[in-house]
Amino acid sequence: MTQVLFKRKPVQYLPRPVIEDDSSEACSLTIQSIQTVWVIPETNEVFTSYEPYLQRMDFYKQRRFICEITGHSGLTFFEAQRSEMEESREVNSSFPDALREPILRRIQFSTVSRIDNLVDEIFEEFKQDFYPGEQVLILLEDNTRLHGMIRDKANFPEQTNPDGTVKAPAYARYLVKILDRPNEEALLDQEHITRDRKMFTKQMLRAFIKNTVTRESWNGAPWLVKTSIADEYKIPTEVPKHLQYGAKVAEKKAMKKGDQEGFFGFFASQRLPELKPAVKVQKSTKPSINDLLRAKEEQFQEYQRSLTGNPTFVVPSPSVVAATSSRPVKPPDIGKKPQTAPPAPPSPSVVIKTETPKPTPPPPPPPIKYPIEDLEIPPNRESAPRPALKFVQDDQGNDDDDESDVLSGNIKPESVGPLLETWNTLNVFCEVFQLDSFTFDDFLQAMSFSSDDIDCELFVEIHCAVLKKLVNAEKDQDGAVQISLPDLPIEESDDSEEEEDEEEEAVIEPEPVFTRMTTRSSLAKAEAENLRKAQENENIENPEEVKLHRAAEMFGDYGWIDRLRKRDFRNGGWEMVMIGLLHQLSVRPRVEKVCNEILKILAPLDAEPTKETARLQYATMDINLRIQALEIICMLSLETKAVKNYLEECSNQMTEFRKEKIEYQRERKAALEELRRLHEEKKELQPERGKSPSPVPELDNLEDSKMTGLDDETDQVMDTEDDEPQARSLRGGADRIMERKRKLEEERERKEQQAKQPKGSKQYQRVVKKIEDQKARVTKLEQKIADVDNDLREADCPRTRCLGKDRFCNRYWWFERNAMPYNGMPQSSTADAGYANGRVWVQGPDDMERLGFIDVSEEQKMHYMKEFKMTPAERRELEEGTSVPNAQQWGYYDDPESIEKLISWLDGRGNRELKLRKELLVWRGTISEYMGRRQAYLEQSADRAESEEPPTKRVSTRNKTYVDDHKHRCMRWRNSTALSENGHLHVDAGRPTKRTKRATDDPKELKATNRQGKPLTRQGSRYKF
C-alpha cells in the first residue's frame, strides 16, 4: 500500500477492532459476525460505530495530505493516494529493471539525511556503471552510435604500488551484444558506453527512491527498503545494531554523560574538598609506619573514588583516627621485627567543610530590545515638553482688521475636523467638481465671509459645484439622481385631520361601570378624572409633533430636485436646494439633529418661506452650521459614479506608473553598472600623477556618492519621496525652469574646469567622454523616476495618509502628502500663493485609544505609578504642554522651527514615535519649504491690505458682479476651470454650446485627469521644456 504523508510523516492506519458476537465470545473479523460495521475501502479500516467512521472520513477529506512521490501538497488523502498509485505505476514501468537491485542494495541502511544529497550521490555513482540486461548505446570511434545490451560485466580492482600510490584505477569491462548487428558482440569499457538520456535521470531516480524506500523521522535514521520490495530482491532488512534507534540514543547519552563526568567535568561541576592539616598529636605518642601507610592508602582510594564517580567524602576511618589521636597505638604483630624509622610528620586528612550554600543571585534582566511600547519608556522629567500647538479658533479673529464682513462667533473646536475634511475632499477631487484649487486659509475666510452687497465666489461656487454632481442636468439621463435619498417626511394635511376627528366622533365610548353607590359630586369627580386620564393616554399614543421650521412650506410644485436639474442657482436658488436636500435627509436618524438645527436657521418660523428668506438666512448663518451643511453634501458626493470612476481610473493609472518606475529603475541600475565599468577602465588609462597633477575631481565625487549605493539598489517601487525632493511639483513651472538653469550653470562650470586640465591619451579622452554621457543618462533617469514618484503621489486619491502617531496616540497629518500638488494648480487664480495648506495638523486620540493608554483603570494607574512615579494622564500633561484632549479637536504647527523641535521631542525607542519620526525626517524639507511660502504669502497679503487700495477689480457675469475688495484674500479667487471648460460659472445655468460632454459627467466615458485637467498620461502629466 502507498504511503500518504500527513505533516511529512506517513499516515498511520487504525488497527482492526475486535468484534464480539451474541455469545460474548471474542472473534476476529475473519469469523462470521452479525454486528454492523463501517469500512473505508481505500485504507481497509473497520469501525464498529458510525461516529468514529465519520470523524475518520472528515480527517481524510482535509486538504492537508502530501503525495510522497511527487511532493504535491494540499490534497485530500484519497487524492494523494491516487496520485501515488499513478506515479508508482509510471515509475515502475519507466525505471530500468537492471538498475533496481544494485541501487536498492546501495541505498539500504544509508544514513544520508536529505534525499536531495542521496539522489546526487547515487546518480554520480551509477551514471557510468552498467549492469547485465541493461540496454545501452555504443559509441564508436567515428562517433556513430549503435544499440546494445549488456550481457556480462567484469570488475577489476584498483592496483596500488608498495608505497601506497595508485598504480591503476579500478575499471570494468562489459560484454555487449550489438542489437543493430545480429550475431556480433563487443568487449568495451565504460568510456565507449552510455545510456539514453531519458532512461536514467535525477528526477526518475528521486521518484524511484520515494516509491521504494522509507526513512523514520528521528535524526540519523537509516534509509530502509520497503519490506515487500526487499523480499523480492532478497535484500537483508535487519538493521545493524549501531544504526538502531536505541543504540543511537544510548550513544548520545553516553557522550553527554562523558562530557559531564569527565576529569574536567568533576572540577567544573563540584567544588573540591578543602584539605586541612590533621590535628596535632602529643609528642609522647607516635604512629607506627604501618598506620601511616594505611592512612595514606585510604586517603588515596577516597580521592580515586571522587574522581571516578559522584564523590562522597566520609569521615576518616578508625585507623586514621587512631593514628592521629593521643591514645597509645597497638603494637605491631608478634613475630615481626619492629622497624625503626625516623618520625614522619602527620599526614593531612580529608576534612569536610560544612557551609550553608549561599543563595545564587538572580540573573540580571535581559537587555531591552527596542523599539517597545512608547509609554513603557521611562519619562525624562528634565526634557523640554512638546512644542506648543496653535489653534484655528485663536487665530480666526486676526485675519482681518475690518470685521464688518465676517460672521460673529468663533469656530468651535469640534468643527475644525469637518472643515479640514471638506477642504481636503474639494481639493483632491477638484477635477471632478471643476473647481480651481484654493488654500485652506482662503477657504476658512470664505466660510466666515458674510455681506449683503457682494457674494464670495469661492463660497458660492463650492456649493453649486458639489450640488451639480448629486443630480444630473435635464438633458443628461433625464436628470437622474446620483445618490440614495430617503422618502420625504410625511406632512399631515387638514383633510386628514378632519377625517380623524370624524372617526373619533363615530367611536362610542362605553359608559363607566360603578361598583358602589355614588352621588352627583362624586360622579362629576370621577368623570373629570376619566377625561384627564384619557387625554394623557392620547398624548402618549399620539404625541403632537412640535413644528421646528418651515422648510416643507418653501416648496410647492417646483421641488428642489427640479430646481437642481435646471441649475436654477441664482438669487437664492442654491440655498433653496440646500434647504430641500437637508429637509429630506432629516429623516435619517444619524443626521436628523444636525439637519433640523440648520433648517431652524434657514427656514425659521417667524419668516416667510421664500427664496429671499433662504438667501438672507444663509448669508448670516453661523460658520459652524455652514461647515456641517457643506460636509453633508460633500459626503453625499462621494457616492456618485463620477467620483467612484475617477478613483478607479486613478488606481489603474498608479499601476501603470509603478510599472514605468520599475523599468526606469532597471535602466538606472544598468547605467550605474556601466558607469562603474567605465571608471575602472578610466583608472587603468589615467596618466601618472606627475604628468597629470590635477585629476578630475568630479569623478571621485561621483564614486563616493553614486557608486556606494549601487549594491543596495533594488527594483522596489516606493510611493514616497526623498528627504529633499529632487523634483518640484509638476505644477511649479517657474521652479522647474530655475532648477534647470542652475544645473546648466553647474555643468558649464565643470566643463570649463575640465578643459583647463591636461589631456591624456585619445583612448583616455574617449573613456572620459563616455563617462560624461553615462552620467547625463543616469541623471536623466533619476529625473524620470522622480517625476513618476510625483505622479504616483498625486494619483493616490483613495484616502489621506497619516504621518503617524506619538506616544499619547495623537495623530499627525500633512494633507499635501498625497492626492494633491504641494502648491495647488498652476492655472488656479490663486496659484501665486505657492502653497495648499502649509501646516502639520495634530489630532487628539480617539476614545478607544484614550481609554486604553491614558485614562486607564485604577489598577493600571497604581501599577504605572509604582513604576514611573506618575500616572499616564499626569505624564501627558507634563510632556505635552498644550494638548488636544480627543479626536474631535485639532491643533497645528506652521513654522519649521516647531517641526525641528517636534522631531527632537520624539523618542525613537517607541514603536509609534519611531515610525512618526521617520516620516517627519523624510518630509521635513518639503514641509519646511511650504510653511515658509505660506508665511510669505500671508505677510504679503497683509502688506497689500494695508497699502493704498488700487482700483477695484470687477468680474462680471450675467446677473452678479464679484468684487475683489483687497481686504479679504478669499475674494481674489476665481473659478477659471469652470469658465474655461463650461463657458460659465457653476452658479449660472448652462448655455447651449458645441462642447462635448465632460467625462466626469458621464461615468461611462470618465478618464482620470491630472491637476492641469489633462488625461493622466506621461504627456499630460509633465511640463516639456
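Author: Gladly, and one word comes up at once: contact means heavy atoms within 4.5 Å. This is a predicted model, in which local features need pLDDT of at least 70 and side-chain atom pairs count only at pLDDT 80 or more, while totals for chains, interfaces and linings use all residues. Residues are numbered from 1 along each chain as its sequence is written, and side-chain values use heavy atoms, with hydrogens and water left out.

Reader: Which residues is Arg386 in contact with, leaving aside its neighbours within four places in sequence?

Author: Among them are Asp806, Asn810, Tyr812, Glu879, Glu880 and Trp905. Arg386 itself lies in the loop between β18 (349–350) and α11 (392–395). Helices (H or I, at least four residues) and strands (E, at least two) are DSSP runs, numbered from the N terminus.

Reader: Why is Arg386 called buried?

Author: Buried means under 20% relative accessible area, exposed over 50%, and partly exposed in between, with a 1.4 Å probe and protein chains only. Arg386 has a relative accessible area of 3%, so it is buried.

Reader: What makes Lys869 count as buried or exposed?

Author: Its relative accessibility is 60%, so Lys869 counts as exposed. Lys869 sits in the loop between α28 (858–868) and α29 (872–880), and its phi is near 65°, a positive value in a residue other than glycine.

Reader: And where does Cys809 belong, buried or exposed?

Author: Cys809 has a relative accessible area of 1%, and is therefore buried. Its phi is also positive, about 65°, although Cys809 is not a glycine. You will find Cys809 in the loop between β19 (804–805) and β20 (811–813).

Reader: What describes the packing of helix α19 and helix α20?

Author: Two packed helices are described by the angle between their axes and the distance between the axes. For α19 (residues 573–585) and α20 (residues 592–602), the axes come within 9 Å and cross at roughly 145°. Axes are lines fitted to C-alpha atoms, for helices over the stretch in contact, and angles run from 0 to 180 degrees between N-to-C directions.

Reader: Which residues make that contact?

Author: From α19 come Ile579, Leu582, His583 and Leu585, and from α20 come Cys595, Ile598, Leu599 and Leu602. They divide into 7 nonpolar, 1 polar and no charged. Here Ala, Val, Leu, Ile, Met, Phe, Trp, Tyr, Cys and Pro count as nonpolar, Asp, Glu, Lys and Arg as charged, and the others, Gly among them, as polar.

Reader: How do you know that β8 and β9 pair?

Author: Two strands pair if DSSP finds at least two bridges between them. Strand β8 (residues 135–139) and strand β9 (residues 145–156) have 5 bridges, in the antiparallel sense. Val136 stands opposite Gly148 in β9. Both strands belong to an open sheet of 5 strands in the order β13-β12-β9-β8-β14.

Reader: What makes β13 and β14 edge strands?

Author: Each of them, β13 (185–188) and β14 (193–194), pairs on one side only.

Reader: What does pLDDT say about the chain?

Author: pLDDT is the predictor's confidence in each residue, from 0 to 100. The chain averages 77, and 72% of the residues score at least 70. Over residues 23–33 pLDDT stays under 50, and the model has 11 contacts beyond four places in sequence for them. For residues 1016–1025, where pLDDT also stays under 50, there are 33 such contacts.
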